[in-house]
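Student: I would like to learn how to read some features of a protein model. Please start with pockets.

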Amino acid sequence: MNSIQDKEKKYLEALKKKIQRLKKQRNAVIIVHNYQRDEVQDIADISGDSLALSRAAVRTDADVIVFCGVYFMAETAAILNPKKTVLLPVIESGCPLADMVNTDKLLEKRKQYPKAAVVCYVNSSAAVKAQSDICCTSSNAIEVVKSVANKQIIFIPDKNLGRYVQANVPDKEIILWEGFCPTHIRLQEQDVLNMKTQHPEAEFIAHPECQPQVLALADHICSTGGMFKYVKNSTAKEFIIGTESGMLYKLRRDNPDKNFFMPTLHLVCPSMKLTTLGWVAHALEANEHVITVQPEIAKKALISIKKMLEVSEESPVAAIAGY
Ligand code: SF4
């Protein structure tokens, strides 16, 4: 190891110790999405995909939730925990997909399709969730759509996830929204084919935010949480990963006997990488940035979130702090 790497390692270790100390002082819990930087994943009390994190946010008894993810995730945690302090270390960590839908456009669409229910992917603002009938994540989208009585569904905002749901729930008419994840859309069919040629034994697992021609090549399609389970149970030794590159860290750490390959170097979400250990320490020290949601919006959004959690959990979510 050269001296620069050594210095960086020491610096990160010192920051980790500082975060542990601050966390104790503030009775805080650190919740980390699977796409975060490796060193941020190291300090997670709870890590996972959007659904796992929504559930964890409901159950925590900490006073402070530090959310290492993007804005809509911290907003969801704030809706579920109105009496707790929710901190987002970097306020600029937005999700471009979530910004592709707003309430005005959604209301217009509702007028166009008055008989349709609105199923809203959690990658959306609190205001949009408040105008929707039920939320979903990439791991429960099919289950949620099946649970809705209406035949017509306006599915917002990710068109690729919407198409994937339509293929699996043919008796519903899914009205797609023109939204997409700018990271997942970078993965091209040819990238996967090239990687398959190099690693013919590898299984290709893909996130449903990928384009349909990419999903057509997948051995398995699932959320990031689903990928961990799939890899653990599969007899395959090699995997091509069709989602954000942050996934590699925990996949490699938890499965040292298996190999993982990214089909392209472009699967990096810039928003997810904004959070650093320095910003996490600063968030706890300076109490920044506190994420709040207007009570009227939070109250309506909570109904959509709660309906989703009821569909995807065995027991009712009595633990949700109510308004
Ligand atoms: Fe949003 Fe895509 Fe980044 Fe996820 S990976 S936060 S959907 S832009």
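Tutor: On a 1 Å grid over the protein atoms alone, a pocket is an open set of points with protein on both sides within 12 Å along at least five of seven lines, and its lining residues have an atom within 4 Å of a point. This is a predicted model, in which local features need pLDDT of at least 70 and side-chain atom pairs count only at pLDDT 80 or more, while totals for chains, interfaces and linings use all residues. Residues are numbered from 1 along each chain as its sequence is written, and side-chain values use heavy atoms, with hydrogens and water left out.

Student: How many residues line the largest pocket, and which lie nearest its centre?

Tutor: The lining has 29 residues, and Y35, N123, C181, E209 and M272 lie nearest the centre. By class, 14 are nonpolar, eleven polar and four charged. Here Ala, Val, Leu, Ile, Met, Phe, Trp, Tyr, Cys and Pro count as nonpolar, Asp, Glu, Lys and Arg as charged, and the others, Gly among them, as polar.

Student: How should I read a pair of packed helices?

Tutor: Two packed helices are described by the angle between their axes and the distance between the axes. Helices are DSSP runs (H or I, at least four residues), as are strands (E, at least two), numbered from the N terminus. Axes are lines fitted to C-alpha atoms, for helices over the stretch in contact, and angles run from 0 to 180 degrees between N-to-C directions.

Student: At what angle do α4 and α14 cross?

Tutor: The axes of α4 (residues 71-80) and α14 (residues 295-312) cross at roughly 95° and come within 10 Å. That makes α4 roughly perpendicular to α14 (65 to 115 degrees). T76, I79 and L80 of α4 make the contact (heavy atoms within 4.5 Å) with A298, A301, L302, I305 and L309 of α14. Seven of the contact residues are nonpolar, one is polar and none is charged.

Student: Is α4 mostly covered or exposed?

Tutor: Mostly covered: nine of its ten residues are buried (under 20% relative accessible area; exposed is over 50%, partly exposed in between, with a 1.4 Å probe and protein chains only). E75 is one of the buried residues.

Student: What should I look for in the backbone?

Tutor: Most residues other than glycine have a negative phi, and most peptide bonds are trans. Here a cis peptide bond joins I156 and P157, with omega about -15°, and another cis bond joins E288 and H289, with omega about -10°. H289 lies in the loop between α13 (277-286) and α14. N287 lies in the loop between α13 and α14 and has a positive phi of about 55°. At 31% relative accessibility, N287 counts as partly exposed.

Definitions and conventions: Angles under 35 degrees count as roughly parallel, over 145 as roughly antiparallel, 65 to 115 as roughly perpendicular and the rest as oblique. On a 1 Å grid over the protein atoms alone, a cavity is a set of points where a 1.4 Å probe fits but cannot get out, and a pocket is an open set with protein on both sides within 12 Å along at least five of seven lines; lining residues have an atom within 4 Å of a point.
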